[in-house]
Amino acid sequence: MDIFLVWVDIFRNWLTGGIGIPTLAAEIFIKIILVLIVIIFVLCNLIVLVWLERKFSAFYAMRLGPNRLGPAGFFQLPVDIVKCWGKEDTIPEAVDLPVFKIASICSFITAIMAWAVIPLGKGLVLEDLNIGIFYFIAIGSTGTIAFIMAGFGSNNKYSLLGGMRTAAQMISYEIPMAFSLLGVIMLAGSLNLSDINEAQKNVWFVFPQIIAFLCYFISSIAEPNRGPLDLSEGEQELVAGYFLEYSGIRYALFMVAEYTHLVAVSAIAAIMFLGGWNPLFGLTFIPGFVWMMLKIYFMIFLFMWVRWTFPRVRIESLMHFGWKVLIPVSLLNILLTGVGYYVFQAITG
Amino acid sequence: MDCLKESKPISGPKDGKDIVVPQGIIMSTVETVLNWCRSRSFWPLTFGLACCAIEMMAAGDARYDIARFGSEVFRPSPRQCDLMIVAGTVTKKMQPLVLRLYEQMAEPKYVMAMGSCAISGGPFKDSYSVVQGADTFLPVDIYVPGCPPRPEALFYGLLQLRKKVANPKAFAEQYKEKLENYGKNY
Ligand code: SF4
């Protein structure tokens, strides 16, 4: 994927040298283009993802899934999106208008902001922050605000309940998620995602950190509100949860945010535990970007598998599990990692 | 299916083909594309009234699989649905709620009367407590007869509704008639 960076360099040189734009302006221009490329990349992923989700759900239920529009029903989602575009934008009278309108955009923005630090290959990152993983966790928690805004702004009791549930769930699963990532950070000795990736040249962190990986996996199901932990939209008790009053494209934005979050969470799992763009079996002729995508999609496959095979849990068992099992276990993992690291250093000197 | 036979398509479907194809995507208006997309993605409301609803649920399972036509997205919230399948007996007690659910749906919205109860009262034709058909108070787009109709019949209804949605002009007159009863008789 070095070729991509070479293109960017050529483009930059052409802008500053060929046309004579000031360096700062050229940098800003290039950054804007790169941001657009990332957003388009995420949205393209989304089309594939929703198609996969529908096909997987069909597969687990021994159905066929969408198969009328395009090859294997691939164009079902684009058609759905266009339909959502053309739908009436219902705004009930009693809503808190500015909050109601901003909430859906907010949820999408917070979901896409996490992509600023996620590298998809060597150097393929918008901003190689030295506290990348910290930034990711921080941005992940701000997503809660959008859901509370949607819940409160809709002025509907089910929306409110859904919003509050989402907030409670996201905050309580944020903690084991951060703790489980801490073990990896201790081993790698860095908060920078590219450095963490380099540290896995010899062994992937999923092997020494298997407990952390399981903790991360479970809490990252709860984080983007996916089944079986999608209590915020439990149909049997909350109708549809926080986006109950949203229709058309505003509702679609919430769905887009959910899937964007899912891809981001899978990418972080791939980088932190599955060795990122380090090749498997020394197959270096396949570019790192491809390995990265394969690992991301492997994680997504796991998420979908879990979603369509397990029934939804109850709210209090979710909370009990989060606070009484996941947090102690992930704390214990930090202790074990620390002791193990110390012993390892003492032995190898 | 009588309602489909009676209407005279002006520039409407021939042999099940839509007008988008002969005119070409580029030349057609945005509205045509939108209508075509609407006709390909009905999201029904999770909503059932009586025994016909069981058959509607069977349409979603492995044997019949409504997902093939992209309609497996049964949304629980009326704001996000396009299609209301009135599946079952509409009692007088339930009638205001059915109407409210219909009014809560976002435009464009379509109504399918599934089963003889929703069409005309069916076996409860002479009952004091049953509404004599959903079209007495809702603008019903399509009728699926049967008691209950099989899932295949439901699919056939969906496919017929597609034609109607993709060519709204051809059915404009019919809509005027339908809207006469909307919100009345209760
Ligand atoms: S039409 Fe027949 S099956 Fe359907 S709701 Fe009426 S009685 Fe039940």
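Are A:F213 and A:F217 buried or exposed? Both A:F213 and A:F217 are buried, that is, under 20% relative accessible area with a 1.4 Å probe and protein chains only. This is a predicted model, where local features need pLDDT of at least 70, side-chain atom pairs count only at pLDDT 80 or more, and totals for chains, interfaces and linings use all residues. Residues are numbered from 1 along each chain as its sequence is written, chains are lettered from A and ligands numbered from 1 in written order, and side-chain values use heavy atoms, without hydrogens and water.

**View 1. A stacked pair joins distant parts of chain A.** The ring centres of A:F100 and A:Y246 are 4.3 Å apart with planes at 10°, so the two are stacked (centres within 6.5 Å, planes under 30 degrees apart). A:F100 belongs to helix 4 (97–113) and A:Y246 to the loop between helix 9 (235–238) and helix 10 (248–272), 146 residues apart. Helices here are DSSP runs of H or I with at least four residues.

**View 2. Ring pairs build a cluster.** Among its members are A:F100, A:Y246, A:F147 and B:W43. A:K83 lies over the face of B:W43, 3.7 Å from the ring centre; the rule asks for NZ of Lys or CZ of Arg within 6 Å of the centre and within 35 degrees of the ring normal.

**View 3. Here is the shell around the ligand.** Residues of chain B surround the ligand, including B:C51, B:S116 and B:P148, each with a heavy atom within 4 Å. Helix 6 of chain B gives the most, with 3 residues.

Technical notes
Helices (H or I, at least four residues) and strands (E, at least two) are DSSP runs, numbered from the N terminus. Rings of Phe, Tyr and Trp (its six-membered ring) pair if their centres lie within 6.5 Å; planes under 30 degrees apart count as stacked, over 60 as edge-to-face and the rest as tilted. Buried means under 20% relative accessible area, exposed over 50%, partly exposed in between (1.4 Å probe, protein chains only).
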